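Me: Here is a structure that I would like to go through with you, one question at a time.

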Amino acid sequence: MDRSWIANPDRLSAEYENGVGEFVTFVRGSLDVQGLTKCPCNRCMNREVHHIDSVRYHLLIYGFLKDYIHWTEHGEQSNPQVPLGSPIQDTPPCMNEQDDEMVEALRDAAGHAYDIGSSSDLLSDMRPPAEQARYDKLFEELHNPLYDDCMKFSALTFIVKLMNVKVLYKWSDRSFVALLKLLHKALPVVNRCPRTYYETKKLLCDVGLGYEHIDVCKHDCTLFYNEHKDDDVCPICGVSHYVRKKIPHKRLRYFPITPRLKRLYSSKHTARAMRWHKEQRLEEDGKLRHPADGEAWKKFDSLYPEFAGDPRSVRMGLASDGFNPFSHMSTSYSMWPVILIPYNLPPWLTMHRSNYLLSLLIPGSKSPGKDFDVFLRPLIEELKVLWDGVQSFDSYQHASFTLRASVIWTVSDFPAFTYLSGWSTQGKLACPISLEDTRYKSIRSKISYIGHRSFLEMSHSWRNSK
């Protein structure tokens, strides 16, 4: 059987379309009872299973694996007669078993095209062209060797592993650029190693590791965001937007959480784990094994039954605290990260740092104080959208659904509680529980909180102690 059509770059040609038809006819004899089979397109690479109609659509859109000449994954014998000189590898020579996780991670980042029906269903749910082109470029980098005849690294895997070493050993940007220059001298003339740190970061941003820069007023009055993005002065205090030449006084780093929540469901493993709180959690009265066993979770479910009706709705906790990012404690600087923690996962995954969602990095030489809510604005706006719901894909059920999310509590120390809640934890009414009923007494310049025995049982021995 002539399979030269596989290498034809024109997927609109009659030769390529007829070849895809021959493949589909051949595969129909080895389908399972549900009509599913492995998809050999450039996106799925025989690692994902779809309906035969979806496979045909993928082959017409994404192209056929050029190295998949022997159709051994679809019932063909291991040594069929093929034209002399045809390649026989099912995977690029620069990829090995260690790169499988990279392929899966990239596929999770790329998401899905909502392959849940016939080709007509797929047409209505395709990814935007610009986004699709970005991921096509990443898959191309993943399959291109670092240089000709390189058998160990693709361009993408080399960059990711190089950046991993940079982070582990805390290399400076200048030392990293110097290493890139040295690598270019050591590698063959034609290679795909980035020449600058900027090129490296740009490629990693395409994977989904990027963030947004939002300028901040010098006095933390407002963010130069949305309608105020191009303002030259602060609309509140009138101070200039920039120090000089488009350099802002402060810059907030914002990491959108919607793509990362979608990614939790784009992998079949994490998509199943996100249902654990509802489908696998052992409920036993008097035992608190998971936040879902607590009264706050149950109260939230009773207030919003529509949200609670779907176990895939994400309940999150928000945590924040200040720290000094520099090694010298004498340096006065305070960085405030804001982290979201998805509590749908089982306890051993919830508290794993790989599942923490960093959403904000608040800069400043001092804590944001009462202006903390100003910095939370982009996160709150995104949470409002997530409360109404966004379209996502569940890889565990192979179906699209409306993804909703909500923050149901905060985690912080007592000083940070002031910034998050807006209730002052100093002075006469410092107790966030008693509020206006806080019992206090002024002793010179200090405030003393009294009346603690009133919370004890009437028969408690401490009530009468002096």
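**Contacts and burial**

Reply: Leaving aside neighbours within four places in sequence, Y333 is in contact (heavy atoms within 4.5 Å) with F323, N324, P325, F326, P363, G364 and S365. This is a predicted model, in which local features need pLDDT of at least 70, side-chain atom pairs count only at pLDDT 80 or more, and totals for chains, interfaces and linings use all residues. Residues are numbered from 1 along each chain as its sequence is written, and side-chain values use heavy atoms, with hydrogens and water left out.

Me: What separates the C-alpha atoms of Y333 and F323?

Reply: Y333 lies in the loop between strand 8 (314-320) and strand 9 (336-342); strands are DSSP runs of E, at least two residues, and helices runs of H or I, at least four, numbered from the N terminus. F323 is among the contacts of Y333. Ten residues apart along the chain, their C-alpha atoms are separated by 8.0 Å.

Me: Why does D220 count as buried?

Reply: Buried means under 20% relative accessible area, exposed over 50%, and partly exposed in between (1.4 Å probe, protein chains only). D220 counts as buried because its relative accessibility is 7%.

Me: With which side chain does the side chain of D220 make a polar contact?

Reply: A polar contact is a pair of N or O atoms within 3.5 Å; within protein, one must be able to donate a hydrogen and the other to accept it, and residues adjacent in sequence count only if both atoms are side-chain atoms. D220 sits in the loop between strand 3 (212-216) and strand 4 (223-224). At 2.8 Å, the partner of its side chain is K250.
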